[in-house]
Every structure is written in structure tokens, then in C-alpha cells.
Amino acid sequence: MSTRDLVLSALFAAIIVALGILPPITLGFIPVPITAQSLGVMMAGVVLGARRGAIAVLIVLVLVAIGLPVLSGGRGGLAAFAAPTTGFLVGWLFAAFATGYIAERLVKAEQSGLVQTVGFFLASAIGGIVVLYAFGIAYLAFAAGIGFQQAFVGSMAFIPGDVIKAFVAALAGRAVMAGYPLLPART
């Protein structure tokens with residue numbers, strides 16, 4: 001890993017942490033808060049690619065594990081990994097990787113801006129919503145003892161906000177691609 005890769009990963013880890021400053025919104029019927037940090041996870045994938053995006057999220061998870069209050073609402077410590085929402089937290093790692101992996105394959109520098117934006121949106125939606133929810137809902141159903149169907153239906157309330165986040169991540173990915181491409185080139 002080059003120094004540049006490490007710096008970019010640390011920068012996006014800081015962005016994910018900074019997005020945690022925004023207060024979480026809880027809906028009441030499911031113990032999962034709405035946070036802006038999942039936007040940072042999607043942006044890390046589309047801007048940095050699979051490997052560096054996943055490393056950025058891994059840095060955040062290590063900071064959480066050692067007790068720093070870097071999650072939304074000032075949460076941190078090992079207790080964050082013992083909550084019903086742990087699946088979403090662990091799912092960030094796989095979501096960033098999947099988002100970056102898909103973006104690396106769908107988006108090319110020679111494509112038009114619209115095609116790039118659509119590619120980034122698809123990568124964010126698949127990686128940042130489908131993959132993240134697969135981990136989060138499965139663990140939520142297990143940890144909260146509410147059953148998979150109830151966890152799935154309860155989590156659907158978050159989809160509209162996450163689609164907006166995927167769109168914002170796509171716009172950010174396109175802006176970076178146009179000005180200073182960081183997405184690893186595939187040969």
C-alpha cells in the first residue's frame with residue numbers, strides 16, 4: 001500500500017467520522033438510527049475504489065473498537081459491536097468494498113458524465129443499500145429476536161433516504177472523476 005493510498009483512506013475515514021457529527025434520527029419502531037455515515041461509506045467506495053474504500057471503513061471500525069466516540073450520536077467502544085445494529089456497522093466494510101468493486105467495473109474515464117453518474121449510482125445502490133442491508137437485516141433479526149420478515153419490513157422505511165444518499169454519492173463520485181480521478185484504472 002502506497003503512502004498516497006493510506007492518506008486517501010485516512011481522509012475518507014475522517015469524512016465518515018465527520019458525517020457522524022450530524023445527529024441520528026430514530027424512527028421508534030426499529031432500533032436502527034438514520035445516520036449520514038452510510039453516505040460516507042458509499043462515497044468511499046465510488047471515489048476510492050474497493051480496496052481503499054474498505055480500508056477507510058476499517059479505520060473507522062478500529063477507531064470505534066478502541067473506544068473513540070466516532071459513530072453518530074457520539075457512540076463508540078466495544079458496546080457498539082454488541083448492539084442490534086452491529087450488522088449494519090460490520091456491513092459498512094462489505095458495502096464499501098462492493099460499491100468500489102462495482103464502480104471500478106462500471107465507470108470508465110472515457111464515458112460521458114451521465115453514464116458515469118448512472119454507474120456510480122448503481123454501484124452505490126447495490127453496494128451501499130443491498131449489500132449493507134443484507135448484513136444489517138440478518139443480524140438485526142437475530143440479535144433483536146424479531147424475525148427476519150419484521151426486520152426486513154421495518155428496514156424498508158430507510159430505503160428512500162438511502163436512495164437519496166446513493167444519488168449524492170454518485171454526484172460526488174462524478175465530480176471527483178471529472179476533476180481528479182482517484183478510482184483505480186482497470187487494464
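View 1. V17 sits in helix α1, which covers residues 3-19; helices here are DSSP runs of H or I with at least four residues, strands are runs of E with at least two, and both are numbered from the N terminus. The model is a predicted one, in which local features need pLDDT of at least 70 and side-chain atom pairs count only at pLDDT 80 or more, while totals for chains, interfaces and linings use all residues. Residues are numbered from 1 along each chain as its sequence is written, and side-chain values use heavy atoms, with hydrogens and water left out. V17 has a relative accessibility of 22%, so V17 counts as partly exposed; buried means under 20% relative accessible area, exposed means over 50%, and partly exposed lies in between, for a 1.4 Å probe and protein chains only. Leaving out residues up to four places away in sequence, V17 touches Q37, V60 and V70, where contact means heavy atoms within 4.5 Å. How far apart in space are the C-alpha atoms of V17 and S72? They are 8.1 Å apart, although the two residues are 55 residues apart in sequence.

**View 2. S72 in the loop between α3 and α4.** S72 belongs to the loop between α3 and α4, the latter made of residues 86-106. Is S72 buried or exposed? S72 is buried, because its relative accessible area is 1%. Apart from neighbours within four places in sequence, the contacts of S72 are G20, L22, P23, P24, T35 and Q37.

View 3. F12 is part of helix α1. With a relative accessible area of 7%, F12 is buried. Not counting residues up to four places away in sequence, F12 touches M43, A44, V47, L48 and A56. The C-alpha atoms of F12 and V60 are separated by 9.3 Å, and the two residues are 48 residues apart along the chain. V7 is also in helix α1, but V7 counts as exposed, at 52% relative accessibility. Between the C-alpha atoms of V7 and T85 there are 29 Å, and along the chain these residues are 78 residues apart.

**View 4. The packing of α1 against α3.** Two packed helices are described by the angle between their axes and by the distance between those axes. For α1 and α3 the angle is about 55° and the axes are 8 Å apart; axes are lines fitted to C-alpha atoms, for helices over the stretch in contact, and angles run from 0 to 180 degrees between N-to-C directions. That makes α1 oblique to α3, since angles under 35 degrees count as roughly parallel, over 145 as roughly antiparallel, 65 to 115 as roughly perpendicular and the rest as oblique. The crossing of these two helices, α1 and α3, is right-handed; a crossing is right-handed if the near helix is turned clockwise from the far one by less than a right angle, and left-handed if anticlockwise. On the α1 side, the contact is made by R4, D5, L8, S9, A10, F12, A13, I16 and V17, which meet R51, R52, I55, A56, V57, I59 and V60 in α3. The contact of α1 with α3 divides into eleven nonpolar, one polar and four charged residues; Ala, Val, Leu, Ile, Met, Phe, Trp, Tyr, Cys and Pro count as nonpolar, Asp, Glu, Lys and Arg as charged, and the others, Gly among them, as polar.

**View 5. The packing of α2 against α3.** Helix α2 (residues 37-48) and helix α3 (residues 50-65) have axes that come within 7 Å and cross at roughly 150°. The two helices, α2 and α3, are therefore roughly antiparallel to each other. The crossing in which α2 passes α3 is right-handed. V41, A44, G45 and L48 in α2 meet A50, R52, G53, A56 and V57 in α3. By class, six residues of this contact of α2 with α3 are nonpolar, two are polar and one is charged.

**View 6. The packing of α5 against α6.** The axes of helix α5 (residues 113-144) and helix α6 (residues 148-155) cross at roughly 130° and come within 8 Å. Helices α5 and α6 are therefore oblique to each other. From α5, Y133, I137, A138, L140 and A141 meet F148, A151, F152 and S155 in α6. This contact of α5 with α6 has eight nonpolar residues, one polar and no charged.
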